[in-house]
Amino acid sequence: MPPGGALRWLGSMAELRTDRLTLRRWQDSDLEPWAVEVRATGEFIGFAGLDQVEDDMPFTGVETGWRLARSAWGQGYATEAARTVLAHGFDALELPEILAVTTATNLRSQAVMRRLGMTRDPADDFDDPTAPEGPLRPNVLYRIAGRTTPRR
């Protein structure tokens, strides 16, 4: 973990760009942090970013996440945004590992996690203590390790 804790560096994250997307700080009009917009049109399509795992979870670390408007699904935006966020987490923040969590029924997000090279150990699966009983409670945990070789 970088000195000063996650909140210090999460709040100072620079704007990130891919060929098709801009990952930027939230604007008042977005209502929440970590906005993703389509560069060609400026359309706001959701968010992607990093966050410290909540204290009430059965694991610790830094988690990547994304949430996109349904109209943006199936176009590779989630994978593109998440890949850029992972690169920032590993290259700029030098995180040793990044996690991703989703409900056991969210097969689309699990497919994105696998495309990113993340792996799942079923022994890490858990019931989200903040979710009510039902289909949103069983969750899966994916992991990916950062750089294992020193930089030059």
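## Overall fold

Helices (H or I, at least four residues) and strands (E, at least two) are taken here as DSSP runs, numbered from the N terminus. On that basis, the sequence order of elements is α-β-β-β-β-β-α-β-α-β-β-β. That pattern holds three helices and nine strands. The model is predicted.

The protein has 152 residues, and 44% of them are buried. Its accessible surface is about 9,000 Å². Carbon and sulfur atoms account for 51% of that surface. Among contacts between residues at least 6 apart in sequence, 50% join residues at least 24 apart.

## Strands β4 and β5

Strand β4 spans residues 44–52 and runs antiparallel to β5. Seven bridges join the two strands.

Strand β5 covers residues 62–68 and has two faces. V62, T64, W66 and L68 form the covered face. E63, G65 and R67 form the uncovered one. In a regular strand, side chains alternate between the two faces of the sheet.

R20 sits in a loop, between β1 (16–17) and β2 (21–24). Its relative accessible area is 34%. Buried means under 20% and exposed over 50%, with partly exposed in between, so R20 counts as partly exposed.

Leaving aside residues up to four places away in sequence, R20 touches E37, V38, R39, Q75, G76, Y77 and E80. With Q75 there is a polar approach: a polar side-chain atom of R20 lies 2.9 Å from the backbone oxygen of Q75. A40 is 20 residues from R20 in sequence, yet their C-alpha atoms are 7.0 Å apart.

Notes: Residues are numbered from 1 along each chain as its sequence is written. This is a predicted model: local features need pLDDT of at least 70, side-chain atom pairs count only at pLDDT 80 or more; totals for chains, interfaces and linings use all residues. Side-chain values use heavy atoms; hydrogens and water are left out. Buried means under 20% relative accessible area, exposed over 50%, partly exposed in between (1.4 Å probe, protein chains only). Contact means heavy atoms within 4.5 Å. A polar contact is a pair of N or O atoms within 3.5 Å; within protein, one must be able to donate a hydrogen and the other to accept it, and residues adjacent in sequence count only if both atoms are side-chain atoms. Two strands pair if DSSP finds at least two bridges between them. Accessible areas come from the Shrake-Rupley method with a 1.4 Å probe; for residues, only the protein chains shown count as cover.
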